[in-house]
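Biologist: Could you take me through one part of this model slowly, starting from a single side chain and its surroundings, and then carry on to the charged and aromatic pairs elsewhere in the chain?

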Amino acid sequence: MTDTAAPAKPARVPKTALNATRSFWLKQLHQWHWISAAISLVGLLLFAVTGITLNHAAQIPAEPVTVEQTGALPAPLLARLADFPAETTDPVPDAVARWASDTFSVQIAGRPTETTAEEVYVALAEPGGDGWLTIDRATGEALRERTTRGWVAYINDLHKGRNTGPVWYWFIDVFAAACIIFAVTGFGLTWLHARQRPSTWPLLGLGLLIPVVIALIFIH
């Protein structure tokens, strides 16, 4: 008769090791959570507020204000435009761009144009407004028009990244990454503290269920 050895019991991880691992992750998650919160705080408030203003854009009154300015392109610069192609989207010569900056306080250097044989047209869209500059190629008469729709339209366009330029474009990406880190580390902290807080998972599940139900039932 042969003796069969009893199966070996799996080794238990010492409680002190488990506590050390938990403490390590708590420390890391807390650190990344508050750093991402600090980076994204102001942006998060801005995007939360503009989420409300965008949702109620039709109820928020806005009175567009249009301002026109006129000027005359000096003869030497008008002569420079004579050498400009009759049909092009190229930016205006640098000297003309400097004159526009001095005369109308607009930056058109490097901006594409809609140039015809009769005029040079430069679109000057901006957050919360619109505008343009035209230069008559025969007379040098220049017209600058700018329309603004108030601060609510301005911050709404910041939310959408409309006509905000490359720096704001990259800011939105960095801010979004900080918000993702904030949310993920918050979930990690929730997971680690869930045993001491019985309502954690029901509340988290409710936060997931509410938008899903609304989308399925009320969005068509």
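Modeller: Leu-77 touches Ala-95, Val-96 and Trp-99, not counting residues up to four places away in sequence, where contact means heavy atoms within 4.5 Å. Please keep in mind that this is a predicted model, in which local features need pLDDT of at least 70 and side-chain atom pairs count only at pLDDT 80 or more, while totals for chains, interfaces and linings use all residues. Residues are numbered from 1 along each chain as its sequence is written, and side-chain values use heavy atoms, with hydrogens and water left out.

Leu-77 lies in helix 2; helices (H or I, at least four residues) and strands (E, at least two) are DSSP runs, numbered from the N terminus. With a relative accessible area of 14%, Leu-77 is buried, a word that stands for under 20% relative accessible area, whereas exposed stands for over 50% and partly exposed for what is in between (1.4 Å probe, protein chains only). An α-helix has 3.6 residues a turn, so residues three or four places apart point the same way.

Moving on to the charged side chains, the structure holds four salt bridges, each being a side-chain nitrogen of Lys or Arg within 4 Å of a carboxyl oxygen of Asp or Glu. One of them joins Arg-146 to Glu-126, with the closest N and O atoms 2.8 Å apart. This pair links distant parts of the chain, 20 residues apart, since Arg-146 is in strand 5 (residues 141-148) and Glu-126 is in the loop between strand 3 and strand 4. Glu-126 counts as buried at 17% relative accessibility, whereas Arg-146, at 37%, is partly exposed.

Asp-157, which is buried with a relative accessible area of 3%, forms a salt bridge with Lys-160, their closest N and O atoms being 3.6 Å apart. Asp-157 and Lys-160 are three residues apart in helix 4 (residues 151-160), so about one helical turn separates them. Lys-160 is exposed, at 51%. The side chain of Asp-157 also meets that of Arg-162 in a salt bridge, at 2.9 Å from N to O, and Arg-162 is partly exposed, with a relative accessible area of 30%. Salt bridges that share partners join Arg-149, Asp-157, Lys-160 and Arg-162 into one network.

Turning to the aromatic rings, a search of the whole structure finds ten aromatic pairs. Rings of Phe, Tyr and Trp (its six-membered ring) pair if their centres lie within 6.5 Å, and planes under 30 degrees apart count as stacked, over 60 as edge-to-face and the rest as tilted. The rings of Trp-168 and Phe-171 have centres 4.8 Å apart and planes at 40 degrees, so this pair is tilted. Trp-168 and Phe-171 are three residues apart in helix 5 (residues 165-193), and about one helical turn separates them. Phe-171 is partly exposed, at 31% relative accessible area. Ring pairs link Phe-47, Trp-168, Phe-171 and Phe-175 into a cluster.
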